[in-house]
Amino acid sequence: MSGALILVLALTSLIPVYAKTHGAGRICDELGGRSLSTRPHSVSIAEFGAVGDGKTLNTLAFQNAVFYLMSFADKGGAQLYVPPGKWLTGSFSLTSHLTLFLENGAVIVASQDPSNWGVVEPLPSYGRGIDLPGKRYKSLISGHMLHDVIITGDNGTIDGQGLVWWDRFTSHSLKYNRPHLVEFISSQDITISNVTFLNAPCYTVHAIYSSHVYIHKILAHSSPGSPYTIGIVPDSSDNVCIQNSTINMGYDAISLKSGWDEYGISYSRPTENVHIRNVNLQAASGSSISFGSEMSGGISHVVVDNAFIHNSLTGIAFRTTKGRGGYIKEIDVSNIEMSRIGTAIVANGSFGSHPDDKFDANALPIVSGIRLSNVSGIDIGVAGELFGIKESPFRSVALYNVSLSMNSGSSGDVSWSCSYVYGSSKLVTPEPCPELVRVDNGYGRATF
């Protein structure tokens, strides 16, 4: 049997099942198969004096309720029940062995007054905030060094009322960096399900330095014009599942990160073993699924399987730049449908800024082992823009069974643009760059 025929058989036999059977492709089944903790104790937020009229500030009530429920941590944990109503609050923290349950018709509403939000130091893997140097506002709902925490309900809502924050961002009137809606730091065994998230000031769900994070059946929505709002951000975290969810954001829908330049390199915690499946994504000015550009701790072993991506500037993006260091490798994306996308696939080696002038320009990122298969798209502007780094080309990029129908404004001559990227392709329409050929080019062929 010829070598070419062996390669074709390997491609056609392994690609369709890879995401279901290999590595990170088992994470969702493993995390989803766990039974949720049944809490023997439950209290209502109303028992702590909270008023669900949308006007009364209930920050102290939430803080007192969580403090009270801490006493049940060694007694099987407890549930904080949020009944129907509009419960206005500033930022508050959760505790371990806690379920926050939002009843149908319950809305936790974020205060628009910055004085009702705590202020915390920058994250060590970033060295500063994303919006501006210095401190950041604490997330509306947060957890630090927690385990066994559940945010769920009967499709209750958490509304960040982000418009005031977006205006402060665009007018450069922020005192500190914008808060996120939900953030878990250095935590494990986190479940978020059956909740609607609206209008995050910045990120909707940020899981950083955390493990075993299960996000299931959520809706996250922010205005298409909201600046740099991102849906779900696994950041220097491992064993993460995002599934059966709809995410519509102003910038990125799902973005994997792992620290920024010298701070991320020093902290050295990667994002790895992430499984994303059965998701409906929209990203007005960004990418439906992005990797980086803050990826200095490394991103690897990610499986994306079954996604509908639509009305987005970019479909799937791999972002980095000189000075990042780190790596993006062993990424498998399959069974993707795209519709009305500006650029379907992007790999950009010159993307993003630096936290300060202390970064090492010689810290070159590695991008390798990127495999995309069974991707279809209609009304696509540009098929792909793949621009690596001269000193560190992107290697082992493989495309299989990719069929993109270009819109009427596209030019067939510029469907793909490539430089400093090498790999392989088979059954790709429109015809990809010559750098993505099936023969070995000396930089190593991507294998499936």
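A disulfide, that is, a pair of cysteine sulfur atoms within 2.5 Å, joins C28 to C241, with an S to S distance of 2.0 Å. C28 lies in helix 2 (residues 27-32) and C241 in strand 20 (residues 238-249), so this bond ties together parts that are 213 residues apart in sequence. Helices (H or I, at least four residues) and strands (E, at least two) are DSSP runs, numbered from the N terminus. The link of C28 and C241 is right-handed, with 100 degrees about the S-S bond. Both C28 and C241 are buried, a word used here for under 20% relative accessible area, with exposed meaning over 50% and partly exposed in between (1.4 Å probe, protein chains only).

The model is predicted: local features need pLDDT of at least 70 and side-chain atom pairs count only at pLDDT 80 or more, while totals for chains, interfaces and linings use all residues. Residues are numbered from 1 along each chain as its sequence is written, and side-chain values use heavy atoms, leaving out hydrogens and water.

How many disulfides does a search of the whole structure find? The search finds 2, and the bonded cysteines, counted along the chain, pair in the pattern 1-2, 3-4. C418 and C433 are also joined by a disulfide, at an S to S distance of 1.9 Å. This link is right-handed too, with 75 degrees about the S-S bond. C418 sits in strand 28 (residues 416-419) and C433 in the segment after strand 29 (421-429), 15 residues apart. C418 is buried at a relative accessible area of 16%, and C433 is buried at 6%.

Another cysteine to look for is C202, which counts as buried at 3% relative accessibility.
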